[in-house]
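Dear colleague,

I am passing on the structure we spoke about, with notes on its ligand site and on one loop. Please look through it alongside the text below.

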Amino acid sequence: MTRAIYPGSFDPVTFGHLDIIKRSASIMDELIVGVLNNSKKQPLFSVDERVRMLCEVTKAYANVKVTSFSGLLIDFADEVGAGVIVRGLRAITDFEYELQMSQTNHIMNPGIDTIFFTTSLEYAYLSSSTVKEVAMYGGDISRFVPETVIKAIREKFN
Ligand code: PNS
């Protein structure tokens, strides 16, 4: 049984994240989407709001679970019995940070490996930060995020 974690901030979840969730869930027995509860960052959405949105938009995938975590990712992976971390790579600019993170995690726990999915071309430009900025200025975000998220962002900015 292969259980993987897809960790992230998901503030908010975008079609790019959903693409990675869909593709990784199709090759894993179980995928746990881990939403980081990071006290150092000032997110737009609370961790509970982010978990709720993710639950809603992943409800069609039977082997996907969503939960929050705080502290080290490798500790969370141990706790839930996951041996694989899934991350998406959009562009070369992501690479340095992702490489450093995966190698650090592997050194801290050699039993856990990171696998990378290259983001589908149509979402290669997309990030949660861009979505928030476009939404803040009243732009159309319907090509970037699901309807549930559009509603939630509107409520935040209204
Ligand atoms: O969506 P993000 O913000 O790019 O996700 C980053 C995340 C949550 C994967 C990363 O910050 C993380 O794993 N944080 C948990 C703390 C941790 O384990 N840090 C050491 C990683 S080298």
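A pocket is, on a 1 Å grid over the protein atoms alone, an open set of points with protein on both sides within 12 Å along at least five of seven lines, and a molecule sits in one if more than half of its atoms lie within 2 Å of its grid points. The space taken by the ligand is the largest pocket here.

This is a predicted model, in which local features need pLDDT of at least 70 and side-chain atom pairs count only at pLDDT 80 or more, whereas totals for chains, interfaces and linings use all residues. Residues are numbered from 1 along each chain as its sequence is written, and side-chain values use heavy atoms, with hydrogens and water left out.

Around the ligand there are 13 residues, of which Gly8, Ser9, Gly71, Leu73 and Arg87 come nearest (near means that a heavy atom of the residue lies within 4 Å). Oxygen atoms of the ligand lie 2.6 Å from a polar side-chain atom of Ser9, 2.8 Å from a polar backbone atom of Leu73 and 3.0 Å from a side-chain N or O atom of Arg87.

With 3% relative accessibility, Phe10 counts as buried (under 20% relative accessible area, 1.4 Å probe, protein chains only). Pro12 belongs to the loop between β1 and α1 as well, and the Asp11 to Pro12 peptide bond is cis, with omega near 5°.

Best wishes

Notes:
A polar contact is a pair of N or O atoms within 3.5 Å; within protein, one must be able to donate a hydrogen and the other to accept it, and residues adjacent in sequence count only if both atoms are side-chain atoms. On a 1 Å grid over the protein atoms alone, a cavity is a set of points where a 1.4 Å probe fits but cannot get out, and a pocket is an open set with protein on both sides within 12 Å along at least five of seven lines; lining residues have an atom within 4 Å of a point. Helices (H or I, at least four residues) and strands (E, at least two) are DSSP runs, numbered from the N terminus. Buried means under 20% relative accessible area, exposed over 50%, partly exposed in between (1.4 Å probe, protein chains only).
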